[in-house]
Amino acid sequence: MTRYSAWSILKNALKGNRDWTPAWRKPEPKSSYDVIIIGGGGHGLSTAFYLASVHGITNVAVIEKGYLGSGNIGRNTTIVRSNYRLTPNSQFYEKSMELWRELSHNLNYNVMFSPRGVLNLAHTPGQMDTYAERGNQMRLMGVKSELLDRDQVAKLNPGLDVSGSARFPIEGGLLQPDAGNARHDAVAWGYARAADQLGVDILENTEVTGFLKEGGRIVGVETNRGEIRAAKTGVAVAGSTGRVMKLAGVDKLPIESTVLQAFVSESIKPIIPTVTTFGAGHLYVSQSDKGGLVFGGNIDYYNSYAQRGNLPVWEEVTSELVAMFPNFARLRLLRSWGGIMDMSMDGSPIITTGPLDGMYLNAGWCYGGFKATPASGWCFAHTIANDKPHALNKDFTLDRFKEGRMIDETGRGPTPWYH
Amino acid sequence: MSGFRLNLREGLGRAVDHDSKINFTFDGKNYSGRVGDTLASALMANGVSIVARSFKYHRPRGIFSAGSEEPNALVTVHSGARTEPNIRATELELYEGLEAKSQNRWPSVNFDVMAVNQLPGKAFSAGFYYKTFMGPSRPGHKATQFWWFCEQLIRRAAGLGKGASQADPDKYGRMNAFCDVLVVGAGAAGISAAERAASAGAKVILCDESAVAGGALLSSSELLDGALAHDWVADRLAELAENENVTVLTRTTVQSMFDDNTYLAIERLADHVKTPGKHQVRQRAWNIRCKSAVIATGAIERPIVFAGNDRPGVMLADSARRYVVEYGVSPGRAVCVFTNNDTGWLAARDMAKYGVIVEAIVDVRKDVPDAIRAAGEESRAEIFLGAAITATSGLQTLSGAQISEFSETTGEVGRKLKKIGCDCIAVSGGWSPAFHLTSQQGEKPVWDAELQAFLPGEATSSWHVAGAMAGKFGLRHAFRSGEEAAVKALAEAGLGEGESDVPRIEGDEIDYAPAPVFEINTGGKAFVDLQHDVTAEDVRLAHREGLVSVEHLKRYTTLGMATDQGKTSNMSGLAIMAEARGKPIPDVGTTRFRPPYTPTALGAIAGDAYGHLASERLTPMHDWHVAEGANMYANGPWLRPESYNRSGESVEQAYIREAATVRKGVGLVDVSTLGKIDVQGPDAAEFLNRIYSNGFAKLPVGKARYGLMLREDGMLFDDGTTWRLDENRYLMTTTTAGAGQVMEHLEYHRDVVWPDLKVALASVSDEWAGVAVAGPKSRNVLKACVNDCDVSNEGLPFMGVRQATIAGIPVWIARLSFSGEMAYEVYCGAGWGQALWDALMKAGKRFQIVPYGLEALSTLRIEKGHVAGPELNGRTTPLDLGLGGMVSSKKNFVGATLLKRDAFHEESRLQLVAIKSIDGQRIRGGSHLVKGNKDQPGQTEGNTTSTCFSPELNCYISLALLEGGNARHGEKMFATNPVRNMHVAVEVVSPHMVDPDGGRMHG
Amino acid sequence: MKRVAAPHLGTIKMRLTCPFCGERDHQEFTYRGDASATRPPMDNGSIEDHNTYVFDRTNPDGEHRELWNHTSGCRMHMVVTRNTTTHKISNCEPVGPWTKALGGKS
């Protein structure tokens, strides 16, 4: 396996690029593994990588129904941040930030983590206070944050309408200066390649059709390529959680699946330096290295497993974007698409042992799964290896809803279509 | 390529007015063209060959097509606030004074320094960025910093045109349209579908993306009913336009298909003129809901991939033909046609007919039908069968082509046959049906081995395909399939079959099936995606590295991700990958097309919302507040007065003055924004008793009660007073922000949970204006203006509700206090709001009444310890806020059961307290409560929720949520606010800081 | 209960047929979640039953019975049977005290 570097690129170029080898193997499934991870997306692959690299568990299979990274890891708006208000979230996402900063180096794959800053706009003095509260929480947790006034915001993002006559005039904003974004596909490919090098089998086009049970314990899965047994089975399938868990007989979960649309404009020269969010609605926008504006807003509220959305969200998202940046009105939408979000009842994730013996669940990421990819895998690997959660994910239980220990950033309660 | 305008002759240049002259500039240089030209045809007529640079290697690019599939000819038009990058010159209609610039080049399009990107050669291939820039090989944040440094340089080099830096001055519109049959595409199939549907009396909308409808008919050589197709189509469209049931929209692209036959189309009303007319919208979004649709979007010609195929001068064959026939422009002095199907031959014949010199026709096929052979001979070109173009030559633009033997069965290249001097290669690799719209809905296309193309799959909802888009090539099939689709659509719309009216067709009947040849692989640099510089070798590299699924191919190489979304390149890329994998094309699959069909202005999608994001809600007294100099600010949809600043006063000075006046004298505040719900019915009392956590069953008529509403999970949801106006009638008030949600909450429980209760609900927030009069002199004010109601303590006790009139205005008066002072809320019909306000101001004049804004309102309730939105944050229970006494243990209510869960009764929960600044320092919003000093604050133990300067206590105070706060009154802590660089010593106190016994409000 | 059939097969997510008002754009409606979750009766104070009602979702891929409210119209609630994979609606029934007005038994 070639180690990637400028040197290896040159050497291969001289040979006409004929010697490059597959980034990961395409092995035949073995009959059993120590651990199976269902879901070859970002979280599943990172779990496999940390099982192998941190816990020395290398006899691992990642089982993916389609092509690797075909779910939300390849469909999101790539934002990486840890600007959370509640302690369980802020400490977990900051762990993720730490891993992001090392990721390209650790994977020997450039995931293009770009610490360009994430700016949340505030439109009233009250909202400034809310952001101050969040920014202060971040500071107390050791996370960088800055509260900007209107002039500072205008300087950072020159296209913003900072006039007093704007429908929702900008008062200021909260900046996480070292947050940013990353190249989503590269994260999947980088984890896959690194996990593969450590001996993990990545089984693409392998669909789980059922679970193997012995005395109530999950002991593996049935797939279209035969039975695969394992002492431990982890489920990290994001928008397919409902479907996969039903195969294991878990019919009800505190999750609803909805579609979230994402949008990208034509490529233009750099026009917006940071990731920026609108405070009087729901909109986030940044510019990719290729030059496209990448943006999104609310979910299409109803339950859906279709990876496409509808027109009202287009209208809502574009009208908010051009209200914020009226100079974007002539820029053009190139493409939009949808991904399935498993919305939990409090907007926070689930990383836990169970709910069945021999099974481990990683789910409920709502909008926020991409930035969590490293920490999610890191914590899930710890949970699987030790049969108990790490301190960082001990609050992300499945039982918390019924116990009354919700981790509810927005305070909207068990109405997932509002989170 | 050195194009030129051909000499005028019959049938040539059908789209342009030969006697006209239009002046325009390209890269600052003056040129002229004709009415009807596109920028591309005009540039071609002026001999401009290099119009753009590619994305990655900055290689010179010429005009490749004649339509919306164009990958190369992207320009920036306008300047200043109207600057518009990445406009396809092939679609841009020429107008007087058009300014266009090439983009993504420096210093000029003919000499671009960034072309150094080509120097690394094969090193700069697919996956380049993933394999490098990982930074120094030691751990730490250095890696991120290294990439961040490189990234900023890369970003500057990437990107196509530059966007405007000022607000777009133009307007956008929206049309909500309904019809029986929507027809997308006004070519032969679309026109026949529209006519057939119209003949059955259907309401029809016919959309076409071009300025002139007609599609392929506009340049067709066939005769229809004895007339040139170009003229026939004009007559038919004129007829259709006269039918009042038919709307023909040109310059209108149907961009996306959504659920339930909803389509988004964008009409370009003013992109063919320099600026929109006064009050004219630039583009209009059509939200079209139809009962059924006919999709007749045609097909897109695709090239054959060969070495050197990106030199300016290489273009699609049918496009080259269209420049000749429609615009009267020859794409070159010497043209060479390279094809794998019959259409290339017809292009050669038609071009030659109008005076273009066709040097050669090169076909990969060994045999062609006699009729085709004859057409080729008509063009007087040298004919090469079983041959291919294997290389091109030229400095920047094309000057010659190498023709070699080629076997279509083995794909092998044989001996060199001839090198031909040419400045244009017109290439045809077959036709790909434009099934983008149906694919957007998730329809998997099906492979047609005969046509070597994917065709749309079976319809899942009410749409029907026709014409080339459905694989029905040729006019005869197009007309027939258009009518057939229309009949199906009519049936779905519940209409009759209508009448058939297919014209008599004279002309070529050819086979559109190409030889299955997508690439001539000679090892040279052969481009698949011309805009993104993806080569055939990049596709094979992706295969070598295991990125073999179509999606991986696309994402790894960026094939098909440019502004053209691979309209002319996806098929070749797929075929090359299939070849590398040794699998048939359909087994490799195809990616799903995503909306929109072509890039769509964001302002156009926002439509009428551009510049009008959300309507403002104003109270009846709004104008008065503004006239009095109030700072108005957006509070959700509402605009509300923050404070009434007198000259020289800051907001803080103003609210302190206002609040102090209320404590000592009297003030009034506009509370019209509060949510108001009329609750009526014999079961209204029972209903409210189930909704509120405190008892409402026994509230007497003429009394109000403060109530708490919980979510079913036990969290506080909203609060407010509800007044019993009559035995079966209540007026509920809610918080301003919560009004909508409370209404939904009540309706849900009434309709879904307890449908047996007889209760009617109506939102009356906008029907009632409300004014709160507060302060020790508030009763005096009322006495001075209310004359038919006893407002004494006996006549109107605390929480009493009475009907009265003020200045002739019928009002309800409730004695409620949010401020903690003696206070009244007076409600009247919204239309009387200003008159009521004026009457109260007048009556209050001798008591020095002042209006107060939101800041003072908030200050007064903070001092009193009354909770509001910031404390009701969706994470607090009544117990957390010291309102446990309002949770009835005698009844079931929404939230009662889950509020009993243990976690809600732990002493460590965040509980409501107040804090006071000890040393006079300001406490600002968003502070956290900590034990440590500024340098080492320690963990957060809580946070402030509502903060102000208290004129009553003469210090900064705040309500706060503190872990175990109930037991911590008297504790000294710090309110830390590092983002505002503040760290204030505070004392934890009871939230009831002013008049804890309530004597003032009860008095 | 009177069943209000969808007017034609194509009635999918963008357009909902309100039993009172007829076919309207779905922007006029508010999604209210899984209709199979029923609140325990007033005499049931069991935490377990309430937890199930509030937090458990079947979240099927396929037919889903769900509540919608015609918020920007008549504010009527209805139970819509919709396929979450194709977005197709197969049935729509009114709920609430007014269903009798449509000839139903409520």
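**Burial, pairing and contacts**

Modeller: To begin with chain B, strand E52 (residues 972-977) is largely enclosed by the rest of the structure, because 5 of its 6 residues are buried. Strands (E, at least two residues) and helices (H or I, at least four residues) are DSSP runs, numbered from the N terminus. A residue is buried if 20 or more other C-beta atoms, placed from the backbone, lie within 10 Å of its own, exposed if 12 or fewer do, and partly exposed in between. The model is predicted, so local features need pLDDT of at least 70 and side-chain atom pairs count only at pLDDT 80 or more, while totals for chains, interfaces and linings use all residues. Residues are numbered from 1 along each chain as its sequence is written, and chains are lettered from A and ligands numbered from 1 in the order in which they are written.

Colleague: Which residue of E53(B) does B:Ala975 stand opposite?

Modeller: Two strands pair if DSSP finds at least two bridges between them. E52(B) is joined by 6 bridges to strand E53 (residues 982-989) of chain B, and the two run antiparallel. Strand E49 (residues 928-930) of chain B also pairs with E52(B) in the antiparallel sense, over 3 bridges, with B:Ala975 as the bridge partner of B:Leu929. In E53(B), the residue opposite B:Ala975 is B:Val984.

Colleague: Which residue takes a positive phi in the hairpin of E52(B) and E53(B)?

Modeller: The hairpin has 4 residues between the strands. The phi in question is near 55 degrees, and it belongs to B:Asn981.

Colleague: Why is helix H11 of chain B described as largely enclosed?

Modeller: Among the elements that cover the buried residues of H11(B) are strand E32 (527-529), strand E33 (534-535), helix H12 (550-557) and helix H13 (570-581) of chain B. The buried residues include B:Val539, B:Leu541 and B:His543. The helix spans residues 536-544 and is largely enclosed because the buried residues number 7 of the 9.

Colleague: Which residues have the most contacts inside the largest nonpolar core?

Modeller: A nonpolar core is a set of buried Ala, Val, Leu, Ile, Met, Phe, Trp, Tyr and Cys residues joined through C-beta atoms within 7 Å. The largest has 344 residues, and those with the most contacts inside it are B:Val181 and B:Val337. Apart from this core lies another, of 118 residues, including B:Trp723. For the largest core, then, the names are B:Val181 and B:Val337.

Colleague: Which helix gives the largest share of the side of chain B that touches chain C?

Modeller: Two residues are in contact if their C-beta atoms, placed from the backbone, lie within 7 Å. By this criterion, 25 residues of chain B are in contact with 26 residues of chain C. The largest share of the chain B side, 7 residues, comes from residues 739-753, that is, helix H19 of chain B.

Colleague: Is C:Arg82 buried or exposed?

Modeller: C:Arg82 is placed in strand E5 (residues 77-83) of chain C. Leaving aside neighbours within four places in sequence, C:Arg82 is in contact with C:His64, C:Glu66, C:His87, C:Lys88 and C:Ile89. Because 25 other C-beta atoms lie within 10 Å, C:Arg82 is buried.

Colleague: What pattern does chain C follow along the sequence?

Modeller: Chain C has 1 helix and 6 strands. Buried residues make up 37% of its 106 residues. Read along the sequence, the pattern is β-β-β-α-β-β-β.
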